[in-house]
Amino acid sequence: MSPVTGVSVWPSAARLRAGRFPVTGGGVVPGGGVRGAGVPGSAAVDADGGPIDAGIAVLRRRGERVTSARRAVLEILSAASEHLSAEEVFGRALAVSPGLHRTTVYRALERLGELGLVTHVHTDHGPAFYHLSAPLTGAPHLHVRCRACERIVDVPADVLDDAARRLRDGAGFLLLADHTALAGLCSDCLDRNADADVDRDVDAGSPAG
Ligand SMILES: [Zn+2]
Ligand SMILES: [Zn+2]
Ligand SMILES: [Zn+2]
């Protein structure tokens, strides 16, 4: 199923996701119902503009140039229903603005990151994945990544609060969990594994038979 509907373990993830992608576009976005959804509680996103205009406004305020690469990166991340590697961002940027160079797009990603408009999350294997930052989307969140299907899913930002409190109280350790995706298995893959286990049991036959 789609990344949006497949997150039954985290009922509020779909809501968060809807908040993350207030200006969706293109054919790859599942759950078109979130299209144009408002972003309550976000000071950066004005009513008609959405995160792209908010990001461009920040660039202008900071005296930064609004290049075609920077604009393309904001548009691509805003429209994406999934988290994209730098190479995937580059591939989509080429479709929007042919002739862009890889280094230009990578530099745009980096500068937008330095300006706090774009963030990324690391996984236990593979490249970093990029998305618009919480100030643009109004939806702070953490990430989990399925080791089987490699899907990254947004989860509520407070999901580790108990663990963070215990680490702080018990070990004086400050947990910073927003830069790395937690690894595990998604509900779809767990279901598939359970089905496979049933098949194996049937194949093995009953000891009594
Ligand atoms: Zn990093
Ligand atoms: Zn999975
Ligand atoms: Zn995310």
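At what angle do the axes of α3 and helix α4 cross, and within what distance do they come? The axes of α3 and α4 (residues 86-96) cross at roughly 110° and come within 9 Å. Here axes are lines fitted to C-alpha atoms, for helices over the stretch in contact, and angles run from 0 to 180 degrees between N-to-C directions.

The structure is a predicted model, in which local features need pLDDT of at least 70 and side-chain atom pairs count only at pLDDT 80 or more, while totals for chains, interfaces and linings use all residues. Residues are numbered from 1 along each chain as its sequence is written, and chains are lettered from A and ligands numbered from 1 in the order in which they are written.

The chain has 8 helices and 6 strands, which are DSSP runs numbered from the N terminus (helices H or I, at least four residues; strands E, at least two). Their order along the sequence is α-α-α-β-α-α-β-β-α-β-β-α-β-α. Of the 209 residues, 30% count as buried, that is, 20 or more other C-beta atoms, placed from the backbone, lie within 10 Å of the residue's own.

Helix α2 (residues 50-61) packs against helix α3 (residues 68-79) at an angle of about 150°, with the axes 9 Å apart. The two are therefore roughly antiparallel to each other, a term for angles over 145 degrees, whereas 65 to 115 counts as roughly perpendicular. The crossing of α2 past α3 is right-handed, meaning that the near helix is turned clockwise from the far one by less than a right angle. On the α2 side, the contact is made by G50, P51, I52, G55, I56 and L59, and on the α3 side by R70, R71, L74, E75 and S78; residues are in contact if their C-beta atoms, placed from the backbone, lie within 7 Å.

Within α2, the buried residues are G50, P51, I52, A54, G55 and L59. Among the elements that cover them are α3, β3 (129-132) and α6 (134-137). Just after α2, G63 takes a positive phi of about 70°.

The second pairing returns to the opening question. α3 and α4 are therefore roughly perpendicular to each other, and α3 passes α4 in a right-handed crossing. Residues A69, A72, V73, E75 and I76 of α3 meet V89, R92, A93 and V96 of α4.

Conventions:
Angles under 35 degrees count as roughly parallel, over 145 as roughly antiparallel, 65 to 115 as roughly perpendicular and the rest as oblique. Two residues are in contact if their C-beta atoms, placed from the backbone, lie within 7 Å. A residue is buried if 20 or more other C-beta atoms lie within 10 Å of its own, exposed if 12 or fewer, and partly exposed in between; C-beta atoms are placed from the backbone.
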